[in-house]
Amino acid sequence: MITIDWGAFLNVFVAALLGAGAIVLFYALGLRMLVRAGRVPVVTPVEFTDAITVLTEKEIRRAAKQAEKAARKSPLSEGQKRLAFAGAIVCFVLCGAAVVGGILVIVIGH
């Protein structure tokens, strides 16, 4: 006879839900603060042979130009920008700590 420990199942489900929510929250908040600090992340796409859409050089330059323009238009002072950047770093560290903590719970926990 197979029995299911529903209490343990509920514990794992809640832990996974809270962990995933924390990772998404900290990452999104970190990106938001990074943009507010005037450091808009522009990632140039890599061309794949089976890519559905490939950005042209003109589109890449336009995106970089828009990012620079957004950084210049920031209403924050230099001190506020530094504080927002430090907040972004803290959020990314918390996001990484949540991932490492989850891995440690899986590896060491059982």
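Okay, let's start in helix H3, where lysine 81 and glutamate 78 sit three residues apart, so about one helical turn separates them. Helices here are DSSP runs of H or I with at least four residues, numbered from the N terminus. Quick housekeeping: this is a predicted model, with local features needing pLDDT of at least 70 and side-chain atom pairs counting only at pLDDT 80 or more, while totals for chains, interfaces and linings use all residues. Residues are numbered from 1 along each chain as its sequence is written, and side-chain values use heavy atoms, leaving out hydrogens and water.

Back to that pair. Lysine 81 makes a salt bridge with glutamate 78, and the closest N and O atoms are 3.8 Å apart. The cut-off is a side-chain nitrogen of Lys or Arg within 4 Å of a carboxyl oxygen of Asp or Glu. Searching the whole structure turns up one salt bridge. Lysine 81 is buried at 17% relative accessible area, whereas glutamate 78 is exposed at 52%. Buried is under 20%, exposed is over 50%, and partly exposed is in between, with a 1.4 Å probe and protein chains only.

Next, phenylalanine 85, also in helix H3, residues 78-109. Phenylalanine 85 is partly exposed, at 25%. Beyond its neighbours within four places in sequence, it touches Leu34, Ala37 and Arg39, where contact means heavy atoms within 4.5 Å. Glycine 30 is 55 residues away in sequence, yet 8.5 Å from phenylalanine 85, C-alpha to C-alpha.

Last one: alanine 20, in helix H1, residues 6-36. Alanine 20 is partly exposed too, at 43%. Its C-alpha lies 9.8 Å from that of cysteine 95, 75 residues apart along the chain.

Notes: Helices (H or I, at least four residues) and strands (E, at least two) are DSSP runs, numbered from the N terminus.
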